Amino acid sequence: MNNLENIEIVVDLLKSHKIRYAVLSPGGTNIALVDALQSDEYFKCYSVVDERSAMYFAIGIYLSTGEPVATSCTSAQATRNYIPGLTEAYYKHVPILAITTSKLQRFVYQNYMQAPDQTSLPKDCVKRSFTLPQVKDTSDYLASTRMANEAILELTRNSKGPVQLNIQIQDFPICDVVRSHTRDIQRYSEPAGLESILEKKVLIVAGEARSYDNETEKLIEAFASHHNCAIYTNHLSNLHTNHCIEGNLFLSGYHTDKKWNQIKPDIIISIGGQTGDYPLYNWLSKTQLETEHWEISTDGKIVDTYDKLTRVYQMSAKEFFQQADTIQKEVNNYFDTWKELESKYVWDIELPLSNAYLAQQLHDHIPAGSTVNLAILNSIRNWNLFPFSPDIKCFANVAAFGIDGCTSMMLGESFSDDNLHYLVTGDLAFFYDLNSLGIRGVRNNVRILLVNNNGGVEFKLGGNAKANKTIDRFIAAANHFKNAKGWAETCGFKYMSAKTKEEFTKQKEAFLSESSKPIVFEVFTSDIDDAVAYHKLIKANSDKDLTPKTLVRKSINKIKNVINR
């Protein structure tokens with residue numbers, strides 16, 4: 001069950017209610033809907049990458065034709081970008097059916113990737129918001145049919161105006177319910193019951209954080225040392241101690257059950273915010289993984305990211321580990337097992353020109369003290385596979401997990417010091433935030449690595465050229481962006497470009513060095529090479545000779561079946 005029945009209902013009703021114009025913005029969660037619309041000759045589809053523009057574009061269609069218009073966007077920040085245009089449509093009485101797509105309700109407010117509350121719109125944006133139920137039986141089907149009809153009719157009831165119709169999409173395989181016992185979750189306002197960590201394998205998961213003060217960092221390391229814990233970090237954790245491991249490359253691979261069992265934790269202790277780490281989530285959320293999860297947070301909210309939550313300690317990480325460190329020391333080999341796996345990583349393999357290749361060539365050459373921002377999602381995926389020096393800070397927009405604002409955030413960081421500030425971004429993410437290059441006073445410590453693979457490669461990781469042509473039309477929104485040269489130079493940036501490894505190598509040092517101007521370095525890659533390079537790197541670090549049968553994000557494999565049906 002992936003809720004594709006709701007998409008069929010909506011598409012059928014758009015046709016029966018004679019709504020033929022559709023303004024489509026690219027994304028992952030709305031792939032099935034976009035494909036259904038682009039594949040039906042009834043609909044006249046327009047591709048508008050930025051949802052802010054898309055809503056105003058839809059208003060323009062209505063003003064010209066007098067006909068209602070449907071729009072489609074993905075989850076995360078996309079619905080928020082509709083708000084300015086929806087506000088205009090509300091006060092202008094324009095009948096726009098804003099079809100939004102979201103993760104399932106159980107993921108909202110749970111630190112799940114790309115799952116903010118999609119229906120929390122201001123009251124003067126839409127006349128009403130509807131969320132269709134998951135279709136699990138006939139009763140759900142009938143309810144969805146009634147609600148979808150009601151949403152469309154609301155466009156013109158009493159007075160015209162915009163309406164939100166939200167569809168929840170299942171983006172991972174459904175498993176049979178396993179009922180051994182009902183899991184009990186307790187909240188503690190002081191460290192209690194910590195003796196239960198004795199003789200247990202403990203994995204501390206450090207989510208995104210600006211930084212940790214020295215005292216907290218020492219307490220975390222002391223605890224990990226006493227109990228031989230592994231501290232799972234990625235670049236966004238900004239935590240560096242002797243017991244930190246970078247496990248993303250291992251978790252992205254294909255391994256024997258024996259390997260997985262070696263690193264299975266008995267207890268997960270999470271600190272910080274979102275990890276933005278799909279391989280980690282895919283592992284820890286497995287139904288068959290029997291473990292318990294302790295969440296450390298000052299707000300005490302129930303955040304059951306991996307469906308394993310048993311305890312919430314409402315306190316700071318410093319308070320928790322200060323008390324936890326008094327528990328009796330123990331000896332096990334959990335951390336050593338992780339370090340052994342980490343020591344076998346292979347990075348020095350031949351890769352085609354791609355985001356992974358750029359990470360391979362640059363990750364250990366970024367100047368000390370630099371800050372690196374990773375744009376969603378391809379850059380996070382590839383660059384988390386390579387280590388950074390501990391003195392490099394790293395950030396990304398993974399809290400609400402939106403594609404927009406990646407450049408602006410990095411530019412804001414760059415004003416605070418003279419160190420180099422890097423952004424690794426794709427052509428769509430760069431396109432979303434194009435105006436930010438014109439911010440007054442951009443400093444010469446800014447470095448933008450623009451990986452132009454012609455559209456959202458996130459949706460083309462299968463490496464199938466024939467399928468990519470279909471995906472390119474509206475799902476990946478290809479052919480929107482030729483190059484950044486004109487706008488970059490207009491805004492006072494030095495512009496460099498490369499279409500081959502040789503051209504990249506010749507200019508690499510200039511990109512890493514001081515400059516009298518901020519720099520945009522645009523590297524042109526192919527979507528096929530991006531997919532091939534990523535999978536080649538993963539396969540080189542797998543202990544089973546498997547051809548990848550699933551894409552990194554499970555939703556993509558599922559939706560590609562729809563595309564290729």
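The structure is a predicted model, in which local features need pLDDT of at least 70, side-chain atom pairs count only at pLDDT 80 or more, and totals for chains, interfaces and linings use all residues. Residues are numbered from 1 along each chain as its sequence is written, and side-chain values use heavy atoms, with hydrogens and water left out. The structure has 19 aromatic pairs and zero disulfides.

**Aromatic rings and charges**

- Rings of Phe, Tyr and Trp (its six-membered ring) are paired if their centres lie within 6.5 Å; planes under 30 degrees apart count as stacked, over 60 as edge-to-face and the rest as tilted.
- By this rule the count comes to 19 aromatic pairs. Tyr90 and Tyr91 form an edge-to-face pair, with 5.2 Å from centre to centre and 85° between the planes.
- Buried means under 20% relative accessible area, exposed over 50%, and partly exposed in between (1.4 Å probe, protein chains only). Tyr90 is partly exposed at 27%, whereas Tyr91 is exposed at 54%.
- Ring pairs also link Tyr188, Phe223, Trp294, Tyr313, Phe320 and Phe321 into a cluster.
- A charge sits over a ring if NZ of Lys or CZ of Arg is within 6 Å of the ring centre and within 35 degrees of the ring normal. The charged end of Lys286 sits over the ring of Trp260, 4.8 Å from its centre, and Lys499 lies over the face of Phe524, 5.3 Å from the ring centre.

**Cysteines**

- A disulfide is a pair of cysteine sulfur atoms within 2.5 Å, and a search of the whole structure finds zero of them.
- For Cys125, the closest cysteine sulfur is that of Cys73, at 12 Å, which is too far for a bond. Cys125 is buried, at 0% relative accessibility.
- For Cys229, the closest cysteine sulfur belongs to Cys244, at 11 Å, again too far for a bond. Cys229 is buried, with a relative accessible area of 0%.

- Helices (H or I, at least four residues) and strands (E, at least two) are DSSP runs, numbered from the N terminus.
- Helix α11 spans residues 334-343, and Tyr334, Phe335, Thr337, Trp338, Leu341 and Glu342 in it are buried. Seen down the axis, these buried residues fall within an arc of 160°, so they line one face of the helix; the arc is that of the directions from the helix axis to the C-beta atoms.
- The buried residues of α11 pack against β8 (202-206), β9 (230-232), β10 (244-245), α7 (248-251), α8 (257-263) and α9 (278-284), where contact means heavy atoms within 4.5 Å.
- In α18, Phe504, Lys508, Phe511 and Leu512 are buried. They fall within an arc of 80° seen down the axis, so they line one face of the helix.
- Glu502 and Lys506 are exposed on the other side of α18. The cover over its buried residues includes α12 (355-362), β16 (421-426), β17 (446-452), β18 (494-498) and β19 (519-524).

**Selected residues**

- Val163 is found in strand β6 (residues 163-168) and is buried, at 0% relative accessible area. Val163 and Leu97 are 66 residues apart in sequence and 5.1 Å apart in space, C-alpha to C-alpha.
- Beyond residues up to four places away in sequence, the contacts of Val163 include Ile96, Leu97, Val126, Phe130 and Leu155.
- Arg381, in helix α13 (residues 378-383), is buried, with a relative accessible area of 9%.
- Glu503, in helix α18, is partly exposed at 35%.

**Backbone geometry**

- Most residues other than glycine have a negative phi, and most peptide bonds are trans.
- A cis peptide bond joins Ile376 and Leu377, with omega about -15°. Leu377 is in the loop between β14 (371-374) and α13.
- Asn158 has a positive phi of about 60°; Asn158 lies in the loop between α5 (138-154) and β6 and is exposed at 73%.
- Glu199 also has a positive phi, near 60°. Glu199 is found in the loop between β7 (186-188) and β8, and is exposed at 73% relative accessibility.
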